[in-house]
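Good morning, and thank you for coming.

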Amino acid sequence: MTEHKQTISLPEPAGLQPFLDSLNLEGRPRLATHLRAALQECGAPETALVRLQRYLEVSRTPHAELDLMDATLRYTRMLLTILGQSHYLTDILCRNPEYMSWLWEEAELENARSRDELVRELLRMLANFDAFDARCQALRRFKRREILRIATRDIFIHVPLASLTEDLSNLAEATLEAAYQSAHRDLEPRFGNPMCASGTAECGFCALGMGKLGGRELNFSSDIDLIFIYAADGATSGGSSGSISVAEYFHKLGERIIKALAEVTSEGSVFRVDMRLRPHGRMGPLAVDIDTALRYYEIEGQAWERQALIKMRPCAGDLALGDRFIELTRPFVFPRFFDDETLEDIRNVKRQMEAQVAGRGETDTEVKLGRGGIRDVEFTVQVLQLLNGGRYPELRSGTTLEAIKALGMFGVLKPLDATALASNYTFMRHVEHRLQIEGSQQRHALPKDPAELDALAKRLGYASDTSFLADYQDRAEATRKILDQFLATEGAGNLWVSDALNPHSDGHAGLEGLRSLGFKEPVRAREELLVLYAGTRERPHSLRVRQQFAAVAPILLKALARSANPDATLLRLGQILANLRAPATIYDMLKWAPNLSGYLTTLVENSEFLAGLLIRDPGLFDTFGRPGALERPSSREDLQAQLDALSNAYDRDAAPYRLHAGETLRIGMRDLIQGADVVTIGEELTLLAEVCLEYTVDAARKRVVERYGESSGAFAVLGLGKMGGREIGYGSDLDLVFVYDSGATIESGMSPIEYFTAVASHIIKALKEPTRYGILYDIDARLRPDGKKGSLVVSDARLEEYYSGEAQAWERLALVKARAVAGDPDFGDKVERRARDIAFALPLTQDNLANIEDVRQKIVASSNARNLKKDEGGIAELEFAIRLLQLRHAAAHPELKRGDVLGSLTLLENGGILAPADAATLRDTYLLFRRIENRLRIMHGRATSSLPVEPEAIAGLGRRLSLGDSLAEEVARRKAGVHTVYNRVLGTLMPGRDI
């Protein structure tokens, strides 16, 4: 045995002698020869032998393994190569020894497996598991086995780099597709399928691969960079948990995809997922619709973000949707004429990355980001693609080697340069693979330890670390020389911005730059910028603050240039920023989150009201400036937690006002920036109103108890109108009815009506009276029994008595939206149910219909053609049509007893009561008019429903809503359509009436 060890040139390794003795070399005559040959090819034969011992110990058939090694040299070489190259691969084999026989007998090693083949196998396997978590675990086991196969192709078969990266990329795509289908399978029973707003087509979803996945260039420890897109807004078809918006559905779907791939479990993970390349980065929604994404890249996307789109590729889900999106991005990824300023922006990003690498002392040893490394090749290629891809579509490949070949064929790269870049890129990727395959870690730097470097060199086939480093350095230098040709070219940059901010300059270049961005009064605009940069004479800014503003000014000015009126927008923005006590904090936020500049300019352009909130309280920046602040609606728990925290602050009286201002600002930003739909905005504003109302109800009852004692009776607040329908808009008043238990007794002996009138009075005062913090809501209590003439509060018995026997038909119709919104929950639910029953029990007699129609006509008569709500064909008439149909059919269809407009409309259509075309007319008009109404109200914070008088103002509103210059004509057309539907509905209920 000692002779055998010496023959294969092993020292006396401690602890290995018993293992060597156990191999039974005498009974296996060829094993020693096969071992010797295989170990001689290993860079570290001792390590390979130690790992072989470990593998045989866990193998179920160790003797069969040794017999196969004795019989077959190739098997021995394969096994020892795997064990000698990587402890990660060794761990895989020791965890699943059966993989080795699969690798030897079944696995495809010569060629990459196709995406479709992998997907089919994965889906067949996952079909055996009902639970989502169980499918995730199976996905991890599949990936582990396939990584072993692909790594063996690399280290043993030595397949070309392109075949290797294709195999890895196909594996990533297949697992991503399986994760997508598994996530959908998990969500579908709960929410149904995502449907476009039309309700007739399922809404497509696509996971787009970026970076190395998009370029089909994955390595063994790559993250996968993803963007999730979907076709359009809409809602799900509904399941056990009801229906949700398409946006919410795809957010949940995206979360499950990430969990399926990236969560670390006992089985490991599949791939780490990086979503930071999506629109707005971490601050953006997890999934975004196509139109929003296109608008972002076209208007807000930075140069480096558009550069990243070169590698974008559909990888899972609706691939045709992904292809369509990519085609739509082409004009601003590959413009026909590329400006120097954008090129300079890209160069600056590259320089920043190099500075970070230099700061770590890895400039000459970082394979990916170091001098002459992988990123240098990719940067050279991508810059040349950006410069020339607009004219030559053949140059647009996201795969680096393919792009190099195309650049050479079109003469953009010299033939020798193209050959050198392709060879050096392939070399660097092989080095990267060997660094990562050893421990499955994201390693990009060459080892600093000489022994580790020497071992790496030998795994790569070099005689020593010296020969390897010489080759590495020669290749890096050759690559860098090619890149330097393009880095040396001068770009326009943002020098004019520096001139505009220089108080000692005449500002000629700066003024020209401002004029070119669309500023009509560049001199005044420059004065405003100088104040933001240098401060005032009384409060001059420090050098650090000036440097911070200089860094953000180019981005800020580009954002301002996209506004309809850059001059006015800059003035309002200047009011906000100049009012800051600590401008450095906000400038720093703008610097590190460039999207905030676009957010701010959009805010001040579209809403004097919201901008005023910021001017009064700059601390509200945090409500939308922190990462993720705009991604999702606040829950009741979120709002309550904020209110509790504010109530414990120094000035607790300000708590509801600060909550109201901050959340209104955040909702407004979600509307303006994220494009949150009308329904979502209404629900968010209503929830905020409910939390503020509940706070004031609790406070009012405590005050009344302190003065008049306890009451045995319950108390509730009913919301009517938009409050009842969860459809509040900006600046809406709250239609409220205050109800108390008719059996109530008061501890002090006062009458219940006096007692609860005191409660209601305190509530109204707290909500609507101006304070130094502002006001919360205006209150309208006129819909109570007997209106203004009646008592402010009403007992539940009187409420039923009035609406059942005394109220006019239109008053009962208003009860359709009655909803308990604050007070004692059980009592409120009881009153709500009774009010709703009374409303839907209204008989549609000819007299009642005539009463309702007369009220509608009075509403129209009091209005004008600019009014979206009261005019003929407006929102009020639209709701009359829906309510009349609900009343007519509620007995046969109890589910119609609900107060919201869109939900009721959907049920009427699904029940065959309303024709699809008429339903579409009402739905589309309602959504459009509410959207316009929200934009009108968000500008000034007032409850208006009328279009502006001035044609220019109407045109500007249309442009801000992306509706073009024909807004007035479109509104008129929609009103006519609604009025036609209303007349048709009324005609079926009142035959013979002249309508």
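In what follows, a residue is called buried if its relative accessible area is under 20%, and exposed if that value is over 50%. Please keep in mind that this is a predicted model.

Let me apply the term at once to Cys-206. The relative accessible area of Cys-206 is 0%, so this residue counts as buried. Cys-196 is also on the buried side of the cut-off, because its relative accessible area is 17%.

How many disulfides does the model contain? The count is zero. To see why, recall that a disulfide requires two cysteine sulfur atoms within 2.5 Å. For Cys-196, the closest cysteine sulfur belongs to Cys-203 and lies 4.1 Å away, so the pair is too far apart for a bond. Cys-206 is likewise in no disulfide: its nearest cysteine sulfur, that of Cys-315, is at 7.4 Å.

I turn now to a serine. Ser-163 belongs to helix α11, which covers residues 161-191. Is Ser-163 buried or exposed? Its relative accessible area is 16%, and therefore Ser-163 is buried. Which residues does Ser-163 touch, once its neighbours within four places in sequence are set aside? The contacts are with Ala-112 and Arg-153. With Arg-153, the side chain of Ser-163 makes a polar contact of 2.7 Å. As for Ala-112, 51 residues separate it from Ser-163 in sequence, while the C-alpha to C-alpha distance is 6.0 Å.

My next subject is a pair of strands. Strand β8, residues 715-720, runs antiparallel to β12, and four bridges join the two. Within this pairing, Gly-719 of the model stands opposite Arg-819 in β12. Strand β12 itself spans residues 819-823 and is mostly covered, with four of its five residues buried. As a general point, side chains in a regular strand alternate between the two faces of the sheet.

Finally, the chain as a whole. It comprises 995 residues, of which 54% count as buried. There are 45 helices and 12 strands. Along the principal axes, the C-alpha atoms fill a box of roughly 115 × 75 × 60 Å. The accessible surface comes to about 41,900 Å², and carbon and sulfur atoms account for 50% of it. Among contacts between residues at least 6 apart in sequence, 71% join residues at least 24 apart. Thank you; I welcome your comments.

Conventions. Residues are numbered from 1 along each chain as its sequence is written. This is a predicted model: local features need pLDDT of at least 70, side-chain atom pairs count only at pLDDT 80 or more; totals for chains, interfaces and linings use all residues. Side-chain values use heavy atoms; hydrogens and water are left out. Buried means under 20% relative accessible area, exposed over 50%, partly exposed in between (1.4 Å probe, protein chains only). Two strands pair if DSSP finds at least two bridges between them. Contact means heavy atoms within 4.5 Å. A polar contact is a pair of N or O atoms within 3.5 Å; within protein, one must be able to donate a hydrogen and the other to accept it, and residues adjacent in sequence count only if both atoms are side-chain atoms. Accessible areas come from the Shrake-Rupley method with a 1.4 Å probe; for residues, only the protein chains shown count as cover.
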